[in-house]
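Please look at the model below and keep it in view while reading. The paragraphs that follow go through its parts in turn.

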Amino acid sequence: MDKSKRLFPKSKRSFRRRLPPIQSGDRIDYRNISLISRFISEQGKILSRRVNRLTLKQQRLITIAIKQARILSLLPFLNNEKLFERSETTPRTTGLRTRNK
């Protein structure tokens, strides 16, 4: 195929390769809280592999380490720093509701 007839022209933008989130010297372990906490969201959820840019093996090890740290109370299961406050309390209905005719 001729270069002039390409359907999708190549972009001339330079691509900078991102550094891997886990270096070769880092040990994935439940005691390494500084490493593990990078892969947890603000709510306390484990981030996906696409977001973390990890390999499948690294993601499995991170997941196991996070779960072990949670069980040993090194990490919280939920991160509820925001206290849910109701500004206005809505009245609760007790009993049966009647239909308007």
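Arg 53 sits in the loop that links α2 (49–52) to α3. Helices here are DSSP runs of H or I with at least four residues, strands are runs of E with at least two, and both are numbered from the N terminus. The phi angle of Arg 53 is near 60 degrees, which is a positive value in a residue other than glycine. Most residues other than glycine have a negative phi, and most peptide bonds are trans. Arg 53 counts as partly exposed because its relative accessible area is 40%. The cut-offs are these: buried means under 20% relative accessible area, exposed means over 50%, and partly exposed lies in between, with a 1.4 Å probe and protein chains only.

This is a predicted model, in which local features need pLDDT of at least 70 and side-chain atom pairs count only at pLDDT 80 or more, while totals for chains, interfaces and linings use all residues. Residues are numbered from 1 along each chain as its sequence is written, and side-chain values use heavy atoms, with hydrogens and water left out.

The loop between α2 and α3 also holds Leu 54. Is Leu 54 buried or exposed? Leu 54 is buried, because its relative accessible area is 6%. Leaving aside residues up to four places away in sequence, Leu 54 touches Pro 21, Ile 22, Phe 39, Arg 49, Gln 59 and Ile 62; a contact means heavy atoms within 4.5 Å. Pro 21 is 33 residues away from Leu 54 along the chain, yet their C-alpha atoms are separated by 7.2 Å.

One of the contacts of Leu 54, Gln 59, belongs to helix α3. Gln 59 is buried because its relative accessible area is 10%. A polar atom of the Gln 59 side chain lies 3.2 Å from the backbone oxygen of Leu 47. A polar contact is a pair of N or O atoms within 3.5 Å; within protein, one must be able to donate a hydrogen and the other to accept it, and residues adjacent in sequence count only if both atoms are side-chain atoms. Not counting residues up to four places away in sequence, Gln 59 touches Ile 46, Leu 47, Ser 48, Arg 49, Asn 52 and Leu 54. Between Gln 59 and Ile 46 there are 9.8 Å from C-alpha to C-alpha, and the two are 13 residues apart in sequence.

Which residues form the largest nonpolar core? Its 11 residues are Ile 22, Leu 35, Ile 36, Phe 39, Ile 40, Leu 54, Ile 62, Ala 65, Ile 66, Ala 69 and Leu 75. Such a core is a set of buried Ala, Val, Leu, Ile, Met, Phe, Trp, Tyr and Cys residues joined through side-chain atoms within 4.5 Å. The elements that give two or more residues to this core are α1 (33–36) and α3, and α3 gives the most, with 4 residues. Ile 66 touches Ile 36, Phe 39, Ile 40, Ile 46 and Leu 75, if residues up to four places away in sequence are not counted. In soluble globular proteins, nonpolar side chains tend to be buried together.

Some nonpolar residues are found on the surface instead. Ile 71, Leu 72, Leu 74, Phe 77 and Leu 78 form a nonpolar surface patch with about 550 Å² of accessible area together. Ser 73 is exposed, because its relative accessible area is 61%. The phi of Ser 73 is near 65 degrees, a positive value in a residue other than glycine.

The structure holds 1 salt bridge, a term for a side-chain nitrogen of Lys or Arg within 4 Å of a carboxyl oxygen of Asp or Glu. Arg 31 pairs with Asp 29, and their closest N and O atoms are 2.8 Å apart. Arg 31 counts as exposed because its relative accessibility is 58%, whereas Asp 29 is buried because its relative accessible area is 16%.

Finally, consider the whole chain. The protein chain has 3 helices and 0 strands. Buried residues make up 18% of its 101 residues.

Conventions: Patches are made of residues with over 30% relative accessible area and no salt bridge: like charges are joined within 9 Å, nonpolar side chains (Val, Leu, Ile, Met, Phe, Trp, Tyr) within 5 Å. Accessible areas come from the Shrake-Rupley method with a 1.4 Å probe; for residues, only the protein chains shown count as cover.
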